[in-house]
Amino acid sequence: MAAPLKVEFHFDFGSPNAYLAELALPGIEKRTGVKFDYIPVLLGGVYKATGNMSPGESLRGIKNKPEYNALETERFLRRHNVTKFAMNPFFPVNTLALMRGAVAAQFEGVFEPYFRAAYKHMWVEPKKMDDPQVFREAFLSSGIDIDRLIARAQQDDVKKKLIENTSDAVARGSFGSPTFYVGNEIFFGKDKVREVEEEIVAQLAAGQRKTA
């Protein structure tokens, strides 16, 4: 029996584009029957390893390009009916604690509520989530046992896993977030979610032909 198609979403909570792209994934899962693996990576580590930088840095001082980037974001919001999004006034936010927390939440089996709370407090009701007190109070307000996760996130296996995720992503071709993998095919950016779905459909069809 053929192995199920492996599809991955590599994310860092600090990327607004990763937040927006993820909102399209449940629809893709429903239409195609696949299930995305959510892979936490440290975007700062990816940037350092690849010599890349955030759009905020790369677009600074360029005439017209930031405005066009904002236009594309507005188009994405309309296309995907996104109504809950606000730029974080504290951007860029150091996400090391957030991303270690994501790995810890995966290890502890509470990833989904942690993930939703983190995105809420980054890009829906944005806060300075690299302030330890703000971080803790935000998660407590969402009903997360954050003290347990903070302690878990300090353990070596969590730190090692985040480093491994980040290094592996770079080795496979990643240079930012969001990055998607459909099998061995890589896609970058929120504007590629339609291509991601098309590739999933194509690979599923190819797999069916092989087993027919």
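Trainee: On what basis was the model examined?
Mentor: The model is predicted, so local features need pLDDT of at least 70 and side-chain atom pairs count only at pLDDT 80 or more, while totals for chains, interfaces and linings use all residues. Residues are numbered from 1 along each chain as its sequence is written, and side-chain values use heavy atoms, with hydrogens and water left out.

Trainee: Which residues of H7 are called buried, and what covers them?
Mentor: Buried means under 20% relative accessible area, exposed means over 50%, and partly exposed lies in between, with a 1.4 Å probe and protein chains only. In H7 the buried residues are Phe111, Tyr114, Phe115, Ala117, Ala118, Tyr119, His121, Met122 and Trp123. Their cover includes E1, H1, E2, H6, H8 and H9, where contact means heavy atoms within 4.5 Å.

Trainee: How do you know that the span of helix H6 agrees with its length?
Mentor: Helix H6 runs over residues 96-108, and its 13 residues should span 18 Å at 1.5 Å a residue; the end C-alpha atoms are 18 Å apart, so the values agree. Its buried residues are Leu98, Met99, Arg100, Gly101, Ala102, Val103, Ala104 and Ala105. Among the elements covering them are strand E1 (7-11), strand E2 (36-40), helix H7 (111-124) and helix H10 (156-171). After H6 comes glycine 109, with a positive phi near 75°.

Trainee: What makes phenylalanine 13 a buried residue?
Mentor: Its relative accessible area is 0%, and the cut-off is under 20%, so phenylalanine 13 counts as buried. Phenylalanine 13 sits in the loop between E1 and helix H1 (16-22). Beyond residues up to four places away in sequence, phenylalanine 13 touches residues including Leu98, Met99 and Ala102, as well as Tyr114, Phe115, Ala118 and Trp123.

Trainee: Why is lysine 161 called partly exposed?
Mentor: Lysine 161 has a relative accessible area of 32%, which falls between 20% and 50%, and is therefore partly exposed. Lysine 161 belongs to helix H10. With neighbours within four places in sequence set aside, lysine 161 is in contact with Val103 and Phe107. Its C-alpha atom is separated by 8.8 Å from that of arginine 100, 61 residues apart along the chain.

Trainee: Is glutamate 29 buried or exposed?
Mentor: Glutamate 29 has a relative accessible area of 15%, under the 20% cut-off, so the residue is buried. Glutamate 29 is placed in helix H2 (residues 25-32), and its contacts outside four places in sequence are Val34, Lys35 and Phe36.

Trainee: Why does asparagine 81 count as exposed?
Mentor: Its relative accessibility is 64%, over the 50% cut-off, so asparagine 81 counts as exposed. Asparagine 81 lies in the loop between H5 and H6, and its phi is near 55°, a positive value in a residue other than glycine. Asparagine 64 also has a positive phi, about 80°, although it is not a glycine.

Trainee: Why is the protein called as compact as a globular protein of its length?
Mentor: The protein has 11 helices and 4 strands. Its radius of gyration is 18 Å, close to the 17 Å that the globule rule gives for 212 residues, so the protein is as compact as a globular protein of that length. That radius is taken over C-alpha atoms, and the rule is 2.2 Å times the number of residues to the power 0.38. Buried residues make up 40% of the 212 residues.

Key: Helices (H or I, at least four residues) and strands (E, at least two) are DSSP runs, numbered from the N terminus. The expected span of a helix is 1.5 Å times one less than its number of residues.
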